[in-house]
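Hello,

Here is the structure you are taking over. My notes on what was found in it follow below.

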Amino acid sequence: MIRAFSYNEFLFLLSAVQWTLALSAIAFVGGATVGLFIALARTSDIKAVRLAATGYIQLFQGTPLLMQLFLVFFGATVMGLDLNPWAAAALGLTLNASAFLGEIWRGCIQAVPRGQWEAASALGLRYPGLMRYVILPQAVKVAVPPTVGFLVQLIKSTSLAAIIGFTELTRAGQIVNNATFQPFLVFGIVAVLYFLMCWPLSLLSARLERRYALATR
Amino acid sequence: MASAYDTTDVPAPRPVSGEVVIRMAGVQKWYDSFHVLKDIELEVHKGERIVICGPSGSGKSTLIRCINQLEKHQKGTITVNGVTIDANHRHLDQVRRDVGMVFQQFNLFPHLTVVENCMLAPMRVRGTSKQEARDIAMKYLARVRIPEQADKYPGQLSGGQQQRVAIARSLCMNPKVMLFDEPTSALDPEMVKEVLDTMIGLAEDGMTMLCVTHEMGFAKSVADRVIFMDRGEIVEQATPAEFFTNPRSERTRNFLGQILTH
């Protein structure tokens, strides 16, 4: 029984946008939290800590996100945990985002001149204070444009969660297409909706980058 | 170990107390196979002003950077105000609280205003209240004669002003010793004097100072002792009068010949 593509189908797609945004937000907040520790570990003085963080980053950057989602989703079942697609997608994306953000932020921390570390150390600040009051505030300014850029990437990545059965925008598109058989129209609309989420962020990222370039000239 | 300072027959121009603030004994350091510091023996007395000079790469910056452990030495002992530096981080913290440092590139924190630069360490290291830290900061900014710049950011100041802020920032921690690592080398010529004047003011107030500098005028007029380093060794140390008029080693004479002829 083939249904026509109507206003209701469009509303269904539109309402799925909220799940894409919610999944992106969770993955971003989770990824940022874990990513901060990854970045700190990557810039640590302790070799073992540095190596562990490097291994973590290599692992998640060197394998497809889809495999990571499969492993989390099916791996949890194998280990006897009943992880629903929603939790599996959030966890998988968080792990993946943390590796990428950790690596982006490592670069930002290392972009703070050595003299800043030395001056803060010479004043008697120990690592936590040195990071919190001197290094991170300066690293954040460098980090904002690439971080917003990565957020665009992350929103698009959430579409892979459709494959493990989480109903976000892409999965909603599949459902509507299965009922209407109008793939070009349906996925065209899906693509436009993704574009409307990502484009403003891309613009913002570019603007922040220009502003940063001006400020450091 | 008797330093050359004690054995020289030229009397010190100014009485210096016998209290030793810094003692370096048998200090050695390597960068991989490069031997940067060779068996350094040095005693700095309270109130003493020492100028360290020497060709680039002679280890003079490395020497003073070992005192607050921005560089780690591999052999020998360094004692500051009775605390010997070792693996115990508390000892290092104590040493760093007693030792202020001024860098060639100022190294002010660009995201903080001038007064915030000065308040940070008293608040976060000593636990001073915000109001008290501000009072301390304003006192030392007045002393380096730029209190009116307190709420500007470092990037808005000239190099000379930035370096004076850096001096004030160190003084806010009430250090027992000040280390200066080529404090005027990154400055435009017209700004050198304001920084040197600030340093002279500090010296007159009795601050113990170790300065790595090429300002020989400063060495002549302010130093109690000039140390000449070459290839990781202390080659010669003497009073400025002795050092500039009657250098004993060939290497010192060559060095002085090069820097004083142009």
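**The largest pocket**

About 930 Å³ of space lies in the largest pocket of this predicted model. Its lining is made up of 30 residues, and those closest to the centre are A:Asp45, A:Arg114, A:Ser121, A:Tyr127 and B:His89. Two or more lining residues come from each of α4 (85-110), α5 (114-122) and α6 (127-157) of chain A, and from α3 (89-98) of chain B. The element that gives the most is α5(A), with four residues. Sorted by class, the lining of the largest pocket has 13 nonpolar, nine charged and eight polar residues.

**The cavity**

The search for cavities of 30 Å³ or more gives a count of one. The space in the largest cavity is about 70 Å³. Chain A contributes A:Ala119, A:Ala122 and A:Leu123 to the lining of this cavity, while residues from chain B include B:Arg96, B:Arg97, B:Phe103 and B:Met173. At least two lining residues are supplied by each of α5 of chain A and α3, β6 (99-102) and α6 (159-171) of chain B. Here β6(B) gives the most, with three residues. By class, the lining of the largest cavity has seven nonpolar, three charged and two polar residues.

**The annotated span in chain A**

An unreviewed UniProt entry lists residues 17-205 of chain A as "domain: ABC transmembrane type-1". In the model, this span is 83% helix and 0% strand. The C-alpha atoms at the ends of residues 17-205 of chain A are 22 Å apart.

**Strands in chain B**

Chain B has an open sheet of four strands, in the order β2-β1-β4-β5, with antiparallel pairing. At the edges stand β2 (34-45) and β5 (83-84), each with a single partner strand, so one side of each has no neighbour in the sheet. Within the sheet, β1 (residues 20-31) and β4 (residues 75-80) of chain B pair in the antiparallel sense over five bridges. If you want a place to start looking at this pair, B:Ile22 stands opposite B:Val80 in β4(B).

B:Asp230 has B:Glu233 in β10(B) as its bridge partner.

**Cysteines**

How many disulfides are there over all chains? The count comes to zero. One case to look at is B:Cys118, where the closest cysteine sulfur, in B:Cys172, is 4.5 Å away. A disulfide needs two cysteine sulfur atoms within 2.5 Å, so the sulfur of B:Cys118 is too far from that of B:Cys172 for a bond.

Are B:Cys118 and A:Cys198 buried or exposed? B:Cys118 counts as buried because its relative accessibility is 0%, and the cut-off for buried is under 20%. A:Cys198, at 6% relative accessibility, also counts as buried.

Regards

Conventions:
Residues are numbered from 1 along each chain as its sequence is written. Chains are lettered from A and ligands numbered from 1 in the order in which they are written. This is a predicted model: local features need pLDDT of at least 70, side-chain atom pairs count only at pLDDT 80 or more; totals for chains, interfaces and linings use all residues. Side-chain values use heavy atoms; hydrogens and water are left out. Buried means under 20% relative accessible area, exposed over 50%, partly exposed in between (1.4 Å probe, protein chains only). Two strands pair if DSSP finds at least two bridges between them. UniProt positions are given in the numbering used here, feature names are shortened, and annotations may be inferred rather than shown by experiment. On a 1 Å grid over the protein atoms alone, a cavity is a set of points where a 1.4 Å probe fits but cannot get out, and a pocket is an open set with protein on both sides within 12 Å along at least five of seven lines; lining residues have an atom within 4 Å of a point. Grid points are joined across faces, edges and corners, and a volume is the space filled by probe spheres set on the points. Ala, Val, Leu, Ile, Met, Phe, Trp, Tyr, Cys and Pro count as nonpolar, Asp, Glu, Lys and Arg as charged, and the others, Gly among them, as polar.
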